[in-house]
Amino acid sequence: MRKPLVAALIALAIAGAGAAPAVAAPVSAAPSDTASSATASSATATASSVAVADAAGTKAAASPTLRAVTLAGTVALSNCSGSLVRFPNSLDTDPALVLTNGHCLETGFPAPGQVIVNRTSSRTFGLLNSAGTRVATLRASKIAYSTMTDTDATVYQLTSTYATIRGSYGISALTVQDTHPTAGTAITVASGYWKRLYSCNIDGFVYRVKEGDWTWKDSVRYTSACQTIGGTSGSPVVDQATGKVVAVNNTGNEDGESCTVNNPCEVDASGNVTVRQGINYAQETYQFPACFTTRNQLNLSAAGCALPKP
């Protein structure tokens with residue numbers, strides 16, 4: 001999750017869809033404002049090469065009517081990707097939120113067991129339109145929530161409301177789905193950092209993904225077509241049928257090592273470890289809507305909120 005460097009850049013130069021994991025990118029590797037149209041159709045790997053999904057999610061969903069996912073509403077961070085998001089009960093007058101990874105936090109990786117809430121931040125985000133053009137710079141007022149325990153997510157509260165952003169720039173926030181995603185769903189990983197789209201399917205769900213000192217629960221595993229690269233960390237994972245965010249992109253196994261940084265492993269309920277080199281993962285986001293209540297304020301004591309607490 002932290003090793004972009006040369007691997008990510010070489011992958012882009014050679015094929016446009018590299019094998020490096022979905023991790024934070026160095027500031028020096030920042031792309032231009034020109035959007036790229038590369039998708040999973042250019043990847044050489046196919047879903048047929050991926051092992052069968054865990055028993056919890058092997059049945060593929062029926063094929064729904066799919067829609068084109070664009071970069072509208074995604075954001076570029078200094079080292080990661082992210083998205084302007086709202087929850088089903090968010091109001092246009094609420095302060096807007098940005099979703100990215102816990103490991104994209106500007107102060108460094110949260111330690112295992114650490115949960116950060118309501119910490120002042122003035123971080124900025126480049127807001128993109130559907131073509132990947134930067135149309136605005138948004139600013140945070142605080143880190144509402146951040147952790148790398150059980151999940152890998154940071155939610156920033158902004159100084160602007162949804163109504164102000166839409167009225168000024170014509171960009172609407174992506175809605176976070178409040179139900180568990182389904183295996184087989186067609187998805188797009190939309191990277192605001194690289195201005196790229198990666199399309200594949202949810203292959204299944206992993207009881208535990210372990211990487212270095214961190215462990216994440218009930219993680220999303222992609223089919224092999226989503227060859228996300230360094231800098232795509234924090235990208236929204238969008239259900240192509242609904243346009244809603246179902247997960248946040250965060251890592252992948254680069255070298256075939258087991259449970260090390262940049263080489264996450266899968267651990268089942270019996271403790272058996274599986275390594276899938278070249279396969280990438282995301283963390284589900286359906287838990288978040290229950291924890292953000294009136295005026296989009298974090299309330300970890302709210303009914304149904306199951307996020308880790310400080």
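Trainee: In which sense do strand 10 and strand 11 pair, and over how many bridges?
Mentor: Good place to start, and keep in mind that this is a predicted model. Strand 11 covers residues 214–222, and its Trp214 stands opposite Glu211. The two strands pair in the antiparallel sense, and the count of bridges is 8.

Trainee: Which residue in the hairpin of strand 10 and strand 11 takes a positive phi?
Mentor: Look at the turn, where 2 residues sit between the strands. The positive phi there is near 60°, and the residue that takes it is Gly212.

Trainee: Which residue of strand 14 stands opposite Lys210?
Mentor: Strand 10 also pairs with strand 14 (residues 265–267), in the antiparallel sense over 3 bridges. Opposite Lys210 you will find Cys265.

Trainee: Is Cys265 buried or exposed?
Mentor: Cys265 is joined by a disulfide to Cys259, with an S to S distance of 1.9 Å. Buried means under 20% relative accessible area. Cys265 has a relative accessible area of 0%, so the word for it is buried.

Trainee: Why is the disulfide of Cys80 and Cys104 left-handed?
Mentor: A disulfide is a covalent bond between the sulfur atoms of two cysteines. Here Cys80 and Cys104 are joined with their sulfurs 2.1 Å apart. The disulfide is left-handed because the torsion about its S-S bond is about -85°.

Trainee: How many residues apart in sequence are the parts that Cys291 and Cys305 tie together?
Mentor: These two cysteines form a disulfide, their sulfur atoms 2.0 Å apart. Both Cys291 and Cys305 lie in the segment after strand 16 (280–284), so the pair ties together parts whose separation in sequence, in residues, is 14.

Notes:
Residues are numbered from 1 along each chain as its sequence is written. This is a predicted model: local features need pLDDT of at least 70, side-chain atom pairs count only at pLDDT 80 or more; totals for chains, interfaces and linings use all residues. Side-chain values use heavy atoms; hydrogens and water are left out. Two strands pair if DSSP finds at least two bridges between them. Helices (H or I, at least four residues) and strands (E, at least two) are DSSP runs, numbered from the N terminus. A disulfide is a pair of cysteine sulfur atoms within 2.5 Å. Buried means under 20% relative accessible area, exposed over 50%, partly exposed in between (1.4 Å probe, protein chains only).
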